[in-house]
Amino acid sequence: LEQARQQGYSGGFQVIISEADLNREIANAAGGAVRNAAVAILQGEIVATGTADMGPTPVQVLLRGRPVMENGQPRLVITQAYLGRMPAPGGLVAQLQAELDKGVEKALADSKGATVTNVTAQRGMILIEGYLAPRTQ
């Protein structure tokens, strides 16, 4: 978007994030608290899985979420979180949600002049739509 804006483009845009690209980025950012992380993008839903080291025992992690627009802003809302077969504690889910919210806010701040009007999960991709405001000198 920044390159388009630098070239003087203003108007509507669509950004597609493919499941393959997202998983490649996750693999490149390896080294966090979750190993073997992977994301599946389904119709209306994003599912993330991986293995977390919780003390001496590795635990399977499952997160489900859905992209929504809230108060004119895009958001990925966690709808389910499991550690193994047990629902994740509410405090942990709130912490994860806060981290997701911060990540989205940072991405929006970094995309100067871009306004997101819609975000959807479709099989295999996330579609982000919006518009770029004209550059101001």
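## Contacts of Val-119

Leaving aside neighbours within four places in sequence, Val-119 is in contact with Pro-67, Val-68, Met-69, Pro-74, Ile-126, Leu-127 and Ile-128. The model in which these contacts occur is a predicted one. Elsewhere in the chain, a separate second core of 7 residues includes Ala-52, Val-61, Ala-81 and Leu-83.

## The largest nonpolar core

Val-119 also belongs to the largest nonpolar core, which has 11 residues in all. Strand E7 provides the largest share, with 4 residues.

In soluble globular proteins, nonpolar side chains tend to be buried together.

## Overall architecture

The chain contains 3 helices and 8 strands. Read from the N terminus, these elements follow the order α-β-α-β-β-β-β-β-α-β-β. The C-alpha trace spans about 55 × 30 × 30 Å along its principal axes.

Of the 137 residues in the chain, 23% are buried. Among contacts with a separation of 6 or more, 40% involve residues 24 or more positions apart.

## The antiparallel sheet

An open sheet is formed by 5 strands in the order E2-E3-E4-E5-E6, with antiparallel pairing. Its edge strands are E2 and strand E6 (86-87), each of which pairs on one side only.

Within this sheet, strand E3 (residues 45-54) and strand E4 (residues 57-70) pair in the antiparallel sense over 9 bridges. Val-47 has Arg-64 in E4 as its bridge partner. Strand E4 is also joined to strand E5 (residues 73-83) by 10 bridges, again in an antiparallel arrangement. In this pairing, Leu-62 stands opposite Tyr-82 of E5. Strands E5 and E6 run antiparallel and are joined by 2 bridges; here Tyr-82 stands opposite Pro-87 of E6.

## Hairpin turns

Two hairpins can be described within the sheet. Strands E3 and E4 form a hairpin with 2 residues between them, and Gly-55 in the turn has a positive phi of about 75°. The hairpin of E4 and E5 likewise has 2 residues between the strands. In that hairpin, Asn-71 takes a positive phi near 55°.

## Surroundings of Ser-10

Ser-10 is located in the loop between helix H1 (2-6) and strand E1 (11-18). Because its relative accessibility is 34%, Ser-10 counts as partly exposed. Beyond its neighbours within four places in sequence, Ser-10 is in contact with Leu-132, Ala-133 and Pro-134.

The C-alpha atoms of Ser-10 and Gln-43 are separated by 30 Å, and the two residues are 33 residues apart along the chain.

## Surface and charge

The chain exposes about 8700 Å², of which carbon and sulfur atoms supply 55%. There are 12 positive and 12 negative side chains in the chain. The centres of the two charged sets lie 1 Å apart.

Terms used. Residues are numbered from 1 along each chain as its sequence is written. This is a predicted model: local features need pLDDT of at least 70, side-chain atom pairs count only at pLDDT 80 or more; totals for chains, interfaces and linings use all residues. Side-chain values use heavy atoms; hydrogens and water are left out. Buried means under 20% relative accessible area, exposed over 50%, partly exposed in between (1.4 Å probe, protein chains only). Contact means heavy atoms within 4.5 Å. Accessible areas come from the Shrake-Rupley method with a 1.4 Å probe; for residues, only the protein chains shown count as cover. Lys and Arg count as positive and Asp and Glu as negative; His and the chain ends are not counted. The place of a charge is taken as NZ of Lys, CZ of Arg, CG of Asp or CD of Glu. Two strands pair if DSSP finds at least two bridges between them. A nonpolar core is a set of buried Ala, Val, Leu, Ile, Met, Phe, Trp, Tyr and Cys residues joined through side-chain atoms within 4.5 Å.
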